[in-house]
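Biologist: Pick a part of this model and walk me through it closely, please. I'd like the strands and helices laid out in one connected story.

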Amino acid sequence: MPSKKDLSEQEIRSQYIYPALIRAGWDSQSQIRESVSLTDGRIYVKGRLTTRGSKKQADYVLYYKPNIPVAVIEAKRNTYSVQAGIQQALSYAALLDIPSVYSSNGDGFFEHDRTCSEGCIERELSLDTFPSPETLWQRYKKYKGINSEAEERIAGQDYFFDGSRSPRYYQQTAINRVVEAVAKGQQRILLTMATGTGKTYTAFQIIHRLRKAGCKKRILFLADRNNLIDQTVQGDFRHFKDKMTVVRKKKIDKSFEVYLALYQGLTDYDEDRDAYREFSPNFFDLIVIDECHRGSAAEDSAWREILNYFSSATHIGLTATPKETAAVSSSEYFGEPIYTYSLKQGIGDGFLAPYKVLRIGLNVDLEGWRPELGKTDKQGLPVEDRMYNSRDFDRNLVIDERTEAVAKRVNEFLRKNGRFDKTIVFCADISHAERMRTALARLNSDLMAKNSKYVMQITGDNAEGKKELNNFINPEESHPVIAITSKLMTTGVNAQTCKLIVLDSNINSMTEFKQIIGRGTRINEDYGKRFFTIMDFREVTKLFADPEFDDDPVRVREIQPDDALEDPEEESSPVLDEDGEELVFDAPLYGQEGIDGGLPTAEPAGKVFVNGVDVRILNERRHYIDSGGKLIMGSLKEYTREKLRAQYRSLDDFLQHWSAASKKQVLLQELEEQDIMEEELQEAVSKEMDIFDLLCHIAYDQPPLTKAERIRQVKKRDYFSRYGEQARKVLEALLEKYAEDGIASLEDKKILQVTPLNQFGSPVEIVNFFGGEKAYLRAVADLEQELYRAA
């Protein structure tokens, strides 16, 4: 019989930990879950290619009832100590918001009790003394402050489950916290969850549990845009069936239990005609306010009158971006958020899509534009002689060539990356959106001829465009592809497959910017959507140090004069640091559409239209995010030189590490973690050099060799004569791949499956030319040494 020390972790689980849980009274079907994935794994991006990082996975999560976790266990092999997994388990417990944390190596359990119920925070337990479900439920109630039977009945109420969907860990935590707060009598609750993380599903589960517990019988769900109501009714709230109604045209029917309404559908801003007054003030037990930052938090808002009228109800505010200004405060009304799940957390967990930033600075924006003497507008009237800048463009002054330059760059990007990638272009106002639609339609006349909905203006005043909004956000609908808007699509648009967001509007509201970013953060892997790109023409993304913003872009690049948008394959894989400096997007805002798209505000008097202006891309500069999350402004070569010299003080030091690396790919990955990327360096210096020569040349001023020169040196030494004919042909083919893809490609075994290597036979047949796999790998290592022998 094997020793316990020889058992795998899985064997420790099945032979020791699991039986101990069963003996303690835990039900194997409803209370014990093994190998629970808490996250999906962060998405990493390289050009068009993506890969996921590792998931956070708990070995065991114990539930008192489904979706009410009370304990987490981390298992280890018996070669580890009993407490070896406790810190890992504590990190999972923090996500799950639970008090009981365990580590086990099969000899017993090491317990961490966040309530100190037994008078100590940590202790060892034998396999036969693991706590029962009732014991850990009592501890959970103490941790959560659940004291009475009535509170327990509400907090322990079952979730809705139809077999199709289970809550993610953060949704579960949010739902449990809100339900527990209501159980304890809290009347004003704020829940902050990033766009795309399932606020509506979370709200549905909260309402379902409170209804089933009998403590909330009539519920009002308030929103401020029709599309929010429509998406909610057709989505998660559909399970309420005939218990639910939507208040339309201010017609009130008091026979339902769940009501959905627009603020505007309940008020006429006239006490005698306000529809909500047809309900008694205590009619509703619970009011859920979606996107509560947009009006209900304002003390003088007419919408706030509705909340004041139903003041006896519990109010739960949902928002992705709580608003805190001198005039409006979400937290002043609702209190501090009971739970927050941020954009940064969502991207880090792999539930939200990361994004790249392309900054494109036009000369008239960066330098300003002053009309030449005698310049007239398109009507022949003289243009006021002053300096105009980005704050004026498309507000006070319209330059035709500027609109055309923006449209041309957007079109170029789509042609390189995918002409049917769903795109949203945010413009300064509705008239700007009209002009942008025309410009993009002209540039895509071939596709417009096939389907006139390829480019659509979707603004509050455009009935045809608004009809196409649902088709745009539907992944199964191919058209519209490019949606031109100003305010209508800033929020409440579940655009799962949006891959490009274009900013050609000045924005000074962090709340609004976060909402715009949210249009692209949803992931839809079935349709190839794992990341998105922000194309910024207004320097909205210039201020990256504001703590209000909570994640870093994958990559920031500024486009220069006559600088072609590179093929995505030429982009490099970034390092996404979770602890980096938080970023901001901020600039002045002009122009606004009304609520729900509404009627546009009047254009500023005296808007001037001009043409014949030289508009072009200006200045050459790229920005990089380093591993600490900081924006590196300046030359990539300077950055690489500084980083490499900090790690390897001399050329000899670097050469020793290079030679000692059994696999060069491992060393290259270490460099990538510091944002030193082969593709970027090749683009900046020369694509003819490999990473070794690039680094030696940039950091240590060494004269470089091209890959072709290194190959010629190897062939001159008659290196291949030691091998048989077939093996020599394989090595020569490997050199061809080195010339194309660099040194890392030689170390990838999959290289034997691609042209021209696969012409020599199967991978097994190829390695047998060398006498087996070990001999083949040795030959590859020797080939690498020959390539760098001169160094």
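Modeller: Let's start with the open sheet of seven strands, in the order β11-β12-β10-β13-β14-β9-β15 and with parallel pairing. Its edges are β11 (244-246) and β15 (339-341), each pairing on one side only. Strands here are DSSP runs of E of at least two residues, helices are runs of H or I of at least four, and both are numbered from the N terminus. Two strands pair if DSSP finds at least two bridges between them. Before going on: this is a predicted model, where local features need pLDDT of at least 70 and side-chain atom pairs count only at pLDDT 80 or more, while totals for chains, interfaces and linings use all residues. Residues are numbered from 1 along each chain as its sequence is written, and side-chain values use heavy atoms, with hydrogens and water left out.

Zoom in on β13 (residues 286-289) and β14 (residues 314-319): they run parallel, joined by four bridges, and V288 has I316 in β14 as its bridge partner. Helix α5 (residues 169-183) packs on this sheet, touching β9 (188-193), β14 and β15, with its direction at about 175 degrees to that of β9. Contact means heavy atoms within 4.5 Å. Helix α7 (residues 226-234) lies across β10 (219-223), β11 and β12 (258-262), running at about 155 degrees to β12.

For a contrast, look at the six-stranded open sheet, ordered β1-β4-β5-β6-β7-β8 with mixed pairing. Here β1 (32-37) and β8 are the edge strands, and neighbours are turned by 30 degrees on average, direction ignored. β1 and β4 (residues 57-65) pair antiparallel over five bridges, with S37 opposite Q57.

Helix α1 (residues 9-23) packs on this sheet, touching β1, β4, β5 (68-75), β6 and β7, and its direction makes about 15 degrees with that of β4. Its buried residues are I12, R13, I17, A20 and L21, where buried means under 20% relative accessible area (1.4 Å probe, protein chains only). α1 also bends by about 30 degrees at I17, with P19 following within four residues; the bend is the angle between axes fitted to the seven residues ending there and the seven starting there. Just after the helix, G25 takes a positive phi of about 100 degrees.

Now for β7 (residues 108-113), where six of six residues are buried. In a regular strand the side chains alternate between the two faces of the sheet. In β7, G108, F110 and H112 point one way and F109, E111 and D113 the other, all of them buried. On one side, five bridges join β7 to antiparallel β6 (residues 100-104), where S103 stands opposite F110. That pair forms a hairpin with three residues between the strands, and G106 in the turn has a positive phi of about 95 degrees. Five bridges also tie β7 to antiparallel β8 (residues 122-126), with L125 as the partner of F109.

Conventions. Buried means under 20% relative accessible area, exposed over 50%, partly exposed in between (1.4 Å probe, protein chains only). Axes are lines fitted to C-alpha atoms, for helices over the stretch in contact, and angles run from 0 to 180 degrees between N-to-C directions.
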